[in-house]
Amino acid sequence: MKKAVLAAAAVATLLAALFAPEDEGSIVGPATATPRQADRVALAALVTPASAPPARAALVIERRRALDDDEAATLFAKQSWQPETPKKIMLDQQAAQASRTVAAIDAHAPPPLPFQFLGRFADEGKAAYFLQAGERNVVARPGDMLEERYRFDGVVQGSLQFTYLPLNLKQTLAVGDLN
């Protein structure tokens with residue numbers, strides 16, 4: 001049986017060799033455009049105007065240009081989805097308020113008090129007041145010097161009274177009910 005299969009395979013090979021096409025020894029024929037490629041070429045010819053430069057002119061490689069200072073500064077700038085209008089309005093309002101504050105300050109008026117009232121306590125019948133000056137906490141009793149420019153005078157009608165020493169002017173800090 002093996003001999004019969006071998007003989008059939010040899011006969012099939014001889015027949016394939018006898019009836020094979022003769023196109024210069026190549027098995028695959030020359031490439032031709034497929035219908036899709038031909039459609040793309042025709043479409044490109046319709047879309048591209050006749051006055052347009054050839055496609056090769058569009059493929060020019062240009063040298064990279066250096067960024068100027070403005071472009072380099074914004075390269076890694078903070079990005080936000082928020083519109084800038086509210087920011088600008090707030091900045092304009094702050095500038096207007098600052099200009100009003102500067103205009104309201106008189107040359108003979110003391111600066112605003114740098115103190116905030118935190119609380120009070122009574123120690124042996126004498127009252128002491130907790131104040132905050134910037135980031136420091138201060139304990140003040142009537143007659144104490146504070147910040148080298150203020151003297152704490154005491155409580156007058158529910159407010160703390162200070163004297164600004166360079167101009168010898170009184171200032172008050174409203175604290176509400178001191179009970």
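Contact here means heavy atoms within 4.5 Å. The structure is a predicted model, in which local features need pLDDT of at least 70 and side-chain atom pairs count only at pLDDT 80 or more, while totals for chains, interfaces and linings use all residues. Residues are numbered from 1 along each chain as its sequence is written, and side-chain values use heavy atoms, with hydrogens and water left out.

**Overall layout**

- The protein chain has 4 helices and 7 strands; helices (H or I, at least four residues) and strands (E, at least two) are DSSP runs, numbered from the N terminus.
- Read from the N terminus, the order of elements is α-α-α-α-β-β-β-β-β-β-β.
- Of the 179 residues in the protein chain, 13% are buried; buried means under 20% relative accessible area, exposed over 50%, and partly exposed in between (1.4 Å probe, protein chains only).
- Among contacts in the protein chain with a separation of 6 or more, 24% are between residues 24 or more positions apart.
- The protein chain has an accessible surface of about 15,800 Å², and carbon and sulfur atoms account for 59% of it. Accessible areas come from the Shrake-Rupley method with a 1.4 Å probe, and for residues only the protein chains shown count as cover.

**Thr-163**

- Thr-163 sits in strand 6 (residues 159-164) and is buried, with a relative accessible area of 1%.
- Its side chain makes a polar contact with the side chain of Lys-170 at 3.3 Å. A polar contact is a pair of N or O atoms within 3.5 Å; within protein, one must be able to donate a hydrogen and the other to accept it, and residues adjacent in sequence count only if both atoms are side-chain atoms.
- Leaving out residues up to four places away in sequence, Thr-163 touches Arg-149, Tyr-150, Arg-151, Asp-153, Asn-168, Leu-169 and Lys-170.

**Gln-171**

- Gln-171 belongs to strand 7 (residues 169-174) and counts as buried because its relative accessibility is 12%.
- The side chain of Gln-171 reaches the backbone oxygen of Pro-111 at 2.9 Å.
- Not counting residues up to four places away in sequence, the residues that Gln-171 touches include Pro-110, Pro-111, Pro-112 and Leu-113.

**Nonpolar core**

- The largest nonpolar core has 15 residues, of which Phe-115, Leu-146, Leu-160 and Phe-162 touch the most other members. Strand 2 (126-133), strand 3 (136-140), strand 5 and strand 6 each give two or more residues to this core.
- A nonpolar core is a set of buried Ala, Val, Leu, Ile, Met, Phe, Trp, Tyr and Cys residues joined through side-chain atoms within 4.5 Å.
- Apart from its neighbours within four places in sequence, Phe-115 is in contact with residues including Leu-131, Leu-146, Phe-162 and Leu-173.
- In soluble globular proteins, nonpolar side chains tend to be buried together.

**Nonpolar surface patch**

- Val-11, Leu-15, Leu-18 and Phe-19 form a nonpolar patch on the surface, with about 470 Å² of accessible area together.
- Patches are made of residues with over 30% relative accessible area and no salt bridge; like charges are joined within 9 Å, and nonpolar side chains (Val, Leu, Ile, Met, Phe, Trp, Tyr) within 5 Å. A salt bridge is a side-chain nitrogen of Lys or Arg within 4 Å of a carboxyl oxygen of Asp or Glu.
- Leu-18 lies in helix 1 (residues 2-18) and is exposed, at 66% relative accessible area.

**Positive phi values**

- Glu-148 has a phi near 60 degrees, a positive value in a residue other than glycine. Glu-148 is in the loop between strand 4 (145-146) and strand 5 (150-156), and is exposed at 76% relative accessible area.
- Asn-168 has a positive phi near 55 degrees. Asn-168 is in the loop between strand 6 and strand 7 and is exposed, with a relative accessible area of 57%.
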